[in-house]
Amino acid sequence: MRVYFDNAATTPLDPEVFEAMKPLMLDMYGNPSSTHGHGREVRTKIEYARRTVAELLNTVPGEIFFTSGGTEADNTAIRCMVDAYGINHIITTSIEHHAVGHTVEKLVEQGKVKASYVELDALGHVNMDHLEELMKNNPNSLVSIMHANNEIGTKNDIEKIGEMADEYGATFHSDTVQTMGHFKHDLKSLKCQFVVGAAHKFHGPKGVGFLRVCKSRSIGRFIEGGGQERNHRGGTENVYGIIGLAKALELAYSHMDEHTKHIQSVKDRMIIKLRENFPDIQFNGDIDPARSLYTVLNASFPPHENNGMLLFSLDINGISASGGSACSSGANTGSHVLNGIKADPDRQGIRFSFSKYSTAEEVDYTVDKLVEIFSPVMA
């Protein structure tokens, strides 16, 4: 049996998405910047996709810009906002995705900004009192805090953060890559000027994403070139990727309730089975359904003789997952997320991430194999 529990890294392409992309791959090959019939035909498809994304997110097409993925979208929001508005202070957390974390670190290294890091609790939640203090003491800051963490699944209240940012005159950017297509976003009510999406996180193609830039923020381009994306991103558009993204998001919104219910049941089963078989199991991050991603579960296993080899052992049994550990006595850097919440460095952390294709049978098989792997130690 082969099991894929690494959906937070990427998801399988939905067959309906592939069918929507095929005509743009085979028949509609015109350059969308060309003014002839072949080009106009493709341009129409891109703008239809833009309208689709905008309508699903309750915003206007003029605020949606297509990118190569979430990393480029995050970089564009942060770097271009700093340049356009002379931002010299960024408020963020120590457990952001590297697309945000490394970008902020580079800007600090270049002397362009100073950064403040919000305190976190043991589950990875933002200390809202500390965040408010930072905003109050640093007006005109750029706040960059993710909606939900990609490693531990802990979800932040971006509605409340947005209200707070608005009160203190801050600009709010949120890395919404892990929640886009899994939670509904109402961008007309959400006080967040920049949100991002990556199609491959919700059963679309790799190599395409988008950035929402609120009309109240006018930023320059991150990639120089032609006048594509209304002069915001040079380079010929990834046409079939864009069409696939829009179709994937449309499908995600159409079936979100049933997919949420199914995936949460798979995650709940994994929690129950792990607790039954590993009484000493710990979970990193929040597992409360109201405060976490239903797609992600980070389990921390007790120390064992194969410490560090758990992922490999799962892999040879046909199970794909991902993992990390906290830093142990400076021997390795470990996961910056697990380090950030001060997870036990002697425990092996494994991230199981689920999708609409995940099954209860796969959970049972995975836990059975984990029991076999640990059996010499548990005996």
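## A first look at this predicted model

K342 is found in the loop between α11 (336-340) and β13 (348-353), where helices (H or I, at least four residues) and strands (E, at least two) are DSSP runs, numbered from the N terminus. Welcome to a predicted model, in which local features need pLDDT of at least 70, side-chain atom pairs count only at pLDDT 80 or more, and totals for chains, interfaces and linings use all residues. Residues are numbered from 1 along each chain as its sequence is written, and side-chain values use heavy atoms, with hydrogens and water left out.

**Positive phi angles**

- K342 is not a glycine, yet its phi is positive, near 60°.
- K342 is exposed, with a relative accessible area of 73%; buried means under 20%, exposed over 50%, and partly exposed in between (1.4 Å probe, protein chains only).
- R230, in helix α7 (residues 228-231), also has a positive phi, of about 50°, without being a glycine.
- R230 is partly exposed, at a relative accessible area of 38%.

**Helices α3 and α4**

- Helix α3 (residues 70-85) and helix α4 (residues 98-109) have axes that come within 9 Å and cross at roughly 30°. Axes are lines fitted to C-alpha atoms, for helices over the stretch in contact, and angles run from 0 to 180 degrees between N-to-C directions.
- From α3, the residues T71, D74, N75, I78, R79 and V82 make the contact, and from α4 A99, V100, T103, K106 and L107; contact means heavy atoms within 4.5 Å.
- These contact residues divide into five nonpolar, three polar and three charged. Ala, Val, Leu, Ile, Met, Phe, Trp, Tyr, Cys and Pro count as nonpolar, Asp, Glu, Lys and Arg as charged, and the others, Gly among them, as polar.

**Nonpolar cores**

- The largest nonpolar core has 46 residues, of which V53, F66, L131 and V143 touch the most other members. Such a core is a set of buried Ala, Val, Leu, Ile, Met, Phe, Trp, Tyr and Cys residues joined through side-chain atoms within 4.5 Å.
- Elements giving two or more residues to this core include α1 (15-26), α2 (37-56) and β2 (64-67).
- The largest share of this core, nine residues, comes from α8.
- Beyond its neighbours within four places in sequence, V53 is in contact with I64, F66, F210, L245, A246 and L249.
- A second, separate core has 32 residues, including V296, A321, F354 and V367.
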